Amino acid sequence: MATARKGRELFTILETSADAESSTACDGRDSPLNLSADVKWFEIPYRKPDSDEENGVREEEEVVEEEEEEDDDEYEDEDGEGENGFPAAAAAGTADAAGFLAGGGCNIILVTGSNGINHDEEEYADDCYYSTSTNCSDTASNDSDIDFSDLEEEERRSCFGFEEDSDEDCTSADFWGEPDQVISIEPFAAASGPQHSLGDDADTRDYFRILFPDSLFEHMVEQTNKYALYRQRRSGKSDPHWHPTDVREMRAYVGLNVLMGINQLPDTGMYWASDIFIGNAGFKKTMTARRFEKLTQYLQLCDRETEPVRGERGYDALFKIRPLLDVVENTMWDSYAPNRCLTIDKCAIVTKGRFSPTQCMPSKPLRKGLTVWMLCDARTGFCHRAKIYVGKPDEDEAAACLGYRVATSLVRGLERQYHHVFMDGFFTSVPLLQRLLRDGLYACGPTQPRRRGYPEVLRPSNVGKLSQGEFYQCQRGNLVATVTRDAKVVSCLSTNSAPGIVGISPGRQRAEADGEEEGDGVNCSGSSLGVPRPLPLLLYQENMRGVDLCDQLRECYQVGRPCKKWWRYFLWFYVNLCIVNAYVILRESRGGTPPAGFSGKQFTQRHFRVRLAQQLIGDYQGARGMERAARKRHADSPIEYGHRLERMSERSRRCRNCTNKGLRHESVFGCKICNVHLCRGGCFSEFHK
């Protein structure tokens, strides 16, 4: 142990070399829960600043200070003062520590003095809890892959008055204590993973049927046919281009929408274009463009005749998609048992138009959209539950407690299974973590320091300016409050993290080019030095990715087209979510082995979607496909099979036969069965041959 005294600051530097690293840094077997084995972490014992042992150290340091006073004065004259009252000489010593860490060791700096915070001596002795400064390098980057800028609207101060959820008042002065208590974490032993009985011969449609059963297609067909009649009765006239649909056609319709997410074109009609470079032969064979538009027009999931209006008893804002939600929410929950680490966060759905549930999110890449809160697996990205935001509640207190209610509803059914839940700052609060801890669930996430129950001494006005890697902690049993500075000042709460543990994650790998010198902050193995972080932030960084992973898989290939009806966005969102979940189940069940008949090297999500769309469409052919097949079989006498030249419309259109020849002629005549305009000359017979 080495000590140094610079000015009025006292530092205790714990040095660990590569030889003694095994005794200080824990290996993967003894590493903290939920933390990857490649994270080098160190446990710093709590030391009270006003203890007798430290007073003795200070007396010894005063003697050392008198002997080295002249050297200190020279350092101060040359380098001057640094930030937070630290002398610049300390930065030079920190640079040496960075070099030591690059060579295989690590320097952890315990701040046992005033550490740059302006306090009176008596007041500081009462309020000093626990702090560390881990400035291992003065060249450490300010960039961080932890972004806490997405904290939502601040909840009202009175929203967390849950007497039934808190045994003691979290705002009392003696609620928080020093971080020297031992936390208790029960092991996770529940069953997890895919829950199905499919064999090795199962294909993509079989996995999709687990999440989206055939009964939903039958329900869509029934309600679509009823809605078409309902619209025609209300308008008082029949639609000559509509005829009832069936299950095979509805499957083909969904399959075409899945393919549209892979082969994306700006307009729906371009898939049926006559241009060979734009049009899609598979779409033309499956159904006509007019039939696709009619199915889109009358697509429905509920009985509109029994829909209650706003203000009536039994009104449901999600009535239009309630049958879909009732089925899909159960299938997603039953088809995959949750793993130990789960993530709660929100995702946004792109919309066009004005809808009442639409939210504006200036801090998000997608600034406007529909909000859905999701509970996802932190490792695979499987979505277990999703809750739709339908607007702010009428009661002010209920609106303020929105994050609490959403989080508790998402984890309902996981009590006493000892999962570790990582959530966004919109949800994290002292009452919520207390409630989850009593239910047998551990949690971790950033929070707003102004929220009720957060320690007063850890608020920014009391902490002051922190250097990068420096942090303070308070503890109440398993509940640990932390404030630190990463790229910015971050406040977080956790019930699964022991206090006093600092970890350094490996940075980005940097390939060493021939003849290129090694950069600052990069060790000989090519990995750059990471920013030291306390254990709660390390766990958050490692596991707060489940919803992001699900969004990445979902956003790669969108399903459905933009429209004016808000509920259609949620319909295609859940269809897309079922595809992603089915792909995760297939990948987890087969261990990377592709289905039978696949000849590629790697079975990716794109292959899964193409194969699923092909199996949904099958051998279905609509009116256009059947007429084209009949036209090829009976090309000798087209009039015998109903093809005749007749007036198509009052407005002339381009002749299809002349267009195929590269000529431009227009005509009001044509063939209604083929739905094309043709010239009155020889174009009719020539086209049908």
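Is C671 buried or exposed? I looked it up: C671 is buried, because its relative accessible area is 0%. For this word I used under 20% relative accessible area as buried, over 50% as exposed and anything in between as partly exposed, with a 1.4 Å probe and protein chains only.

A note to myself on the ground rules. This is a predicted model, so local features need pLDDT of at least 70 and side-chain atom pairs count only at pLDDT 80 or more, while totals for chains, interfaces and linings use all residues. Residues are numbered from 1 along each chain as its sequence is written, and side-chain values use heavy atoms, with hydrogens and water left out.

**Cysteines**

I searched for disulfides (a pair of cysteine sulfur atoms within 2.5 Å) and the structure holds zero. C671 is in no disulfide, and its nearest cysteine sulfur, that of C674, sits 3.7 Å away. I also checked C341, which is buried at a relative accessible area of 11%.

**Salt bridges**

Next I went through the charged pairs. Side chains of opposite charge can pair when their charged atoms come close. I counted a salt bridge when a side-chain nitrogen of Lys or Arg is within 4 Å of a carboxyl oxygen of Asp or Glu. Over the whole structure the search finds 21 salt bridges.

One of them joins K226 and D303, with the closest N and O atoms 3.3 Å apart. This pair links distant parts of the chain, 77 residues apart: K226 belongs to helix 7 (residues 214-235), and D303 to the loop between helix 10 (289-298) and helix 11 (322-335). My helices are DSSP runs (H or I, at least four residues), numbered from the N terminus. K226 is partly exposed at 35% relative accessibility, and D303 is partly exposed too, at 21%.

I then looked at R322, which forms a salt bridge with D316, the closest N and O atoms being 2.8 Å apart. R322 is partly exposed, with a relative accessible area of 27%, and D316 is partly exposed with 23%.

The side chains of E555 and R554 also meet in a salt bridge, at 3.4 Å from N to O. Here E555 counts as partly exposed at 35%, whereas R554 counts as buried at 3%. I found a network as well: D206, R209, D214 and R251 are joined by salt bridges that share partners.

**Helix 7 against helix 8**

How do the two helices cross? The axes of helix 7 and helix 8 come within 9 Å and cross at roughly 105°. I took axes as lines fitted to C-alpha atoms over the stretch in contact, with angles from 0 to 180 degrees between N-to-C directions. That makes helix 7 roughly perpendicular to helix 8, a label I gave to angles of 65 to 115 degrees. Helix 7 brings D214, F217, E218, M220, V221 and T224 to the contact, and helix 8 brings V247, M250, R251 and V254; contact here means heavy atoms within 4.5 Å.

**M270**

Last, I looked up M270, in the loop between helix 8 (247-262) and helix 9 (281-286). M270 counts as partly exposed at 23% relative accessibility. Leaving aside neighbours within four places in sequence, M270 is in contact with L265, I278 and G279.

Definitions and conventions: Angles under 35 degrees count as roughly parallel, over 145 as roughly antiparallel, 65 to 115 as roughly perpendicular and the rest as oblique.
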